[in-house]
Amino acid sequence: MDTSLANRLAVRDLAVVWHPCTQMHDHETLPMLPIASAEGAWLTGHDGKRYLDAVSSWWTCLLGHRHPRIVAALKDQLDRLDHVMLAGFTHEPAIELAEELVRITPAGLDRVFYADNGSSAIEVALKLSFHYWRNLGRGERTRFIALSGGYHGETLGALSVTDVALYRETYAPLLMQPIFARSPDAYESEPGESAAECAQRRLREMRALLEHNAHEVCAVIVEPLVQCAGGMRMHDAGYLTGLRALCDEFDVHLIADEIAVGFGRTGTLFACEQGNIAPDFLCLSKGLTGGTLPLSAVLTTQTVYAAFYAEYSAGKAFLHSHSYTGNPIACRAALATLHVLRDEPVLERNRALATHLAAKLAPLVDHPHVADVRQTGMIAAIELVRDKKTRAPFPANERRGLRVYRHGLERGAVLRPLGNVVYFMPPFCITPDEIDFMVEVAAEGIDIAVA
Ligand SMILES: *Cc1c(COP(=O)(O)O)cnc(C)c1O
């Protein structure tokens, strides 16, 4: 451990690095923490201090840091093939990963298009959907339906279908105008209305939207079960079932963005399974490589694929690419991740952990500044409010969540609230004792934050 090294790294960092999703001025008072190593659920700083990674490093670290099987696969792949462009060439990792993704995702998703981060997977899905209709002679379909509170990434196309004001508002003049439908978010249900009833009411609204607009709509895009960056808002699985039926009835595509919720986060391998549906496009990233390398995949149907398959001169090909499309090292990391999910009882273990987490969180329901404690599988969230009765929120500029974050760092836990929503999305290797610690630190932080 070397405190002076940690300090020197922080100073050098702040002189040259521009950090993501950060007002850099905050770091005049907020510490910049140089991390030296990580193992399992823990990060270790250069000063020797340890931090429980309660948010899986932005939801990427699925199984725990440096999982031995992923590390071994990466080392092996580095001795074989670093990279080759995926146009005209292929390699075993890309093929095997595509086969495995087709095998484990809902039936009917039989084609895999690779990209290299979540936002670019969304761009691919939006472009494929539009291009599909165009190839069918339906070029008048140029719009997308997105949900309030949804988040799909930061590139201009993905941001266009995002409805989180903090990220969208500034760039609104540059964006496509989707049609926004109200989210089935159970937190916004009417008094006395169940989550399932709320979902049905939102489906009736969606039907009205489609009756009016379907002729110009390519696809509806959703984050199944949990709208994550929008504040870990959760909805009833019946919404997915109903939405699939509506998309079929009105002949528009359904894009499921499982970039955050895929690979077991919600209790099933994919969130769509809980609505018993298969989307037309399934976007995957984040946990795909177990948190080691950027990679994303868009799965789609044979029907979509067939609409692009023609003589070159027909001009129907999908001429979209990223330099690192299907990078072999990233694909090996993903394969190793999927093999762990295949060979070990990860979901079963998660069920026990989720039950333990729920029991630990239960007392917070009575907290005078907590309006809601919600959980879907291994994702849990606590909604802090100024007034418990009216659910009036704390003004955003009071930055209550930041106080929870600061307290977490002091105690050795990475909690990074979304506004006034304190949440947990830990790596699956977390133990019951570590869950107790995580919730204890959050509860202390909440008391400090609302004081
Ligand atoms: C993180 C996220 C994205 C964007 O992925 P990036 O890799 O950050 O570009 C898209 N959709 C959802 C649901 C996400 O959580």
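In which loop does Met232 lie? Met232 is placed in the loop between β8 (226-227) and β9 (233-234), where helices (H or I, at least four residues) and strands (E, at least two) are DSSP runs numbered from the N terminus. The structure is a predicted model, in which local features need pLDDT of at least 70 and side-chain atom pairs count only at pLDDT 80 or more, whereas totals for chains, interfaces and linings use all residues. Residues are numbered from 1 along each chain as its sequence is written, and side-chain values use heavy atoms, with hydrogens and water left out.

Met232 has a relative accessibility of 0% and therefore counts as buried; buried means under 20% relative accessible area, exposed over 50%, and partly exposed in between, with a 1.4 Å probe and protein chains only. Its backbone has a positive phi of about 50°, although Met232 is not a glycine. A positive phi of about 45° is also found at Ser57, likewise not a glycine. Most residues other than glycine have a negative phi. Ser57 belongs to helix α2 and, at 30% relative accessibility, is classed as partly exposed. Helix α2 (residues 56-59) also contains Trp58, a partly exposed residue with a relative accessible area of 39%.

Several side chains of the shell place polar atoms by the ligand. A nitrogen atom of the ligand is 2.6 Å from an N or O atom in the side chain of Asp257. A polar side-chain atom of Lys286 lies 2.6 Å from a ligand oxygen atom, and the side chain of Asn117 has an N or O atom 3.4 Å from an oxygen atom of the ligand. Taken alone, the ligand exposes 380 Å², of which the protein buries 83%; accessible areas come from the Shrake-Rupley method with a 1.4 Å probe, and for residues only the protein chains shown count as cover. Asp257 is part of strand β10 (residues 253-257) and counts as buried at 5% relative accessibility.

An unreviewed UniProt entry lists Gly118, Ser119, Asp257, His322 and Ser323 under "binding site"; UniProt positions are given in the numbering used here, feature names are shortened, and annotations may be inferred rather than shown by experiment. These residues span 206 residues in sequence, and their farthest two C-alpha atoms are 22.7 Å apart, so they do not all gather at one spot. Of these residues, His322 and Ser323 are included in the lining of the second largest pocket. On a 1 Å grid over the protein atoms alone, a pocket is an open set of points where a 1.4 Å probe fits, with protein on both sides within 12 Å along at least five of seven lines, and lining residues have an atom within 4 Å of a point.

The "binding site" annotation of the unreviewed UniProt entry also covers Trp58, Tyr151, Lys286, Ser321 and Arg416. They span 359 residues in sequence, with the farthest two C-alpha atoms 33.4 Å apart, so they do not all gather at one spot. Of these residues, Ser321 is included in the lining of the second largest pocket.

Further buried residues lie in loops. His19, in the loop between α1 (3-16) and β1 (35-39), is buried with a relative accessible area of 19%. The side chains of His19 and Asp13 are joined by a polar contact of 2.7 Å, a polar contact being a pair of N or O atoms within 3.5 Å; within protein, one must be able to donate a hydrogen and the other to accept it, and residues adjacent in sequence count only if both atoms are side-chain atoms. Pro427 occupies the loop between β15 (421-424) and α14 (432-450) and is buried at 0% relative accessibility. The C-alpha atoms of Pro427 and Cys61 are separated by 5.9 Å, although the two residues are 366 residues apart along the chain. Ala41, in the loop between β1 and β2 (42-45), is buried with a relative accessible area of 3%.
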